[in-house]
Amino acid sequence: MSSVSLLVVAGEASGDLHGGRLLGELREIEPDLEVFGLGGDEMAEAGFDALAHSREIAVVGIWEALTVVPRARRLLQSILAEVDRRSPAVALLIDSPDFNLRLAGRLKKRGVPVVYYVSPQVWAWRRGRIKTIRDRVQKMLVLFGFEEGLYRPLGVPVVHVGHPLVDEVPVLPHVLDRPASSEPRRVALLPGSRDSEVRRLLPVMLEAVEKLRQRESVEVALIQASTVTPALVEEILASFRVRLDRVTRERFAAVASCHLALCASGTATLEVGLIGTPMIVLYRVAQPTALLARLLIRVEHISLVNLVLGESIVPELLQGAANASAVATRMSSLLRDPDSLREVRNALGRLRPALGESGASRRAAVEVAKVLGEAA
């Protein structure tokens, strides 16, 4: 397949991570494949010709998405121009439904088969998207078993490949597995992988830590995503006096060394959960997005950990409830109760088996290779 090319589009950090792992596996099956599109650092390491970086359209929420519409429109046209030039055999679109489903419609008109990896959260809201997916997507690859049951009865060709985080997040010794000591409690801050998330959540987390330190002896580790603008983090930290460790590498080990985490809702909650660190999940978006979400969202929980396990294992503080005083109070309550922390950790032990067997990225790569073979 030396002359065959593949378009890959991932519009955010988690999509870039999963895309990078999938491309690594796919290159073992099709080593001569040419790959281009929109992605980030992980996909670049897997041998990917990036037309632009995924951070350019990485935002959360409908209202927030409006701020990147002009840039997204230019990116869409740029990608389509390159599609017309290179004539890819197949397109692999990863998550980012606001951008990728629109792109899928344009690709269908050009006769390019679409494989979609990481389903939009149609089980939570905007279920009407399933009809759009059925019309525009040749094969849907889903991470969660329950998603397969949503698509198949409605005629969408779907394959449950499992969740790649099962392989990506190692099993590590955890601080809670060691006997309690008189050492300070350690807290991890994971404010998100997008600038918009960090802008909304990191100040709340830092203020909560300042309040907590008036009551408890606490050490803090800030898990800083590579996709976040460093100057933004520096600007926010300058407004606070919180002493902390800055972690950009070995983040899993850093989280495992913590008794508790404050975590932005998203894929990071699964990573923290797989490590076994009890957490408080925070979620704040623009008010118009929040109002719309209250009308449309059909699920009881917003964190993936609680959704996958089917019950309220970790606290969720949303919108106005995600304020510094409430977060500090909840942190203090948990850190003063080692039994509750261990109870949460034990419950999180069910997460890894719930996410499926090892080898998800390989299974996804095999499915992409099948479509490439059919197209060729």
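Residues are numbered from 1 along each chain as its sequence is written, and side-chain values use heavy atoms, with hydrogens and water left out. In this predicted model, local features need pLDDT of at least 70 and side-chain atom pairs count only at pLDDT 80 or more, while totals for chains, interfaces and linings use all residues.

**Salt bridges**

Side chains of opposite charge can pair when their charged atoms come close. The whole structure holds 21 salt bridges, a salt bridge being a side-chain nitrogen of Lys or Arg within 4 Å of a carboxyl oxygen of Asp or Glu. Three of these pairs are set out below.

| Pair | N to O distance |
|---|---|
| Glu82 and Arg85 | 2.5 Å |
| Glu197 and Arg194 | 2.8 Å |
| Lys370 and Glu367 | 3.3 Å |

Residues are called buried under 20% relative accessible area, exposed over 50% and partly exposed in between (1.4 Å probe, protein chains only). Glu82 is buried at 14% relative accessibility, whereas Arg85 is exposed at 59%. These two residues lie three apart in helix H4 (residues 69–86), about one helical turn; helices (H or I, at least four residues) and strands (E, at least two) are DSSP runs, numbered from the N terminus. Glu82 and Arg85 also belong to a network of salt bridges with Asp49 and Arg86. In the second pair, Glu197 is buried at 10% and Arg194 is buried at 11%.

**Helix H16**

In helix H16 (residues 338–348), the buried residues are Leu341, Val344, Arg345, Ala347 and Leu348. Because they cover an arc of only 160° around the axis, taken from the directions from the helix axis to the C-beta atoms, they fall on the same side of H16. Asp339, Glu343 and Asn346 are exposed on the other side of H16. The buried residues pack against several elements, including strand E11 (260–264) and helix H12 (267–275), where contact means heavy atoms within 4.5 Å.

A cavity is a set of points, on a 1 Å grid over the protein atoms alone, where a 1.4 Å probe fits but cannot get out, and its lining residues have an atom within 4 Å of a point. The count comes to two cavities of 30 Å³ or more.

Notes: On a 1 Å grid over the protein atoms alone, a cavity is a set of points where a 1.4 Å probe fits but cannot get out, and a pocket is an open set with protein on both sides within 12 Å along at least five of seven lines; lining residues have an atom within 4 Å of a point. Grid points are joined across faces, edges and corners, and a volume is the space filled by probe spheres set on the points.
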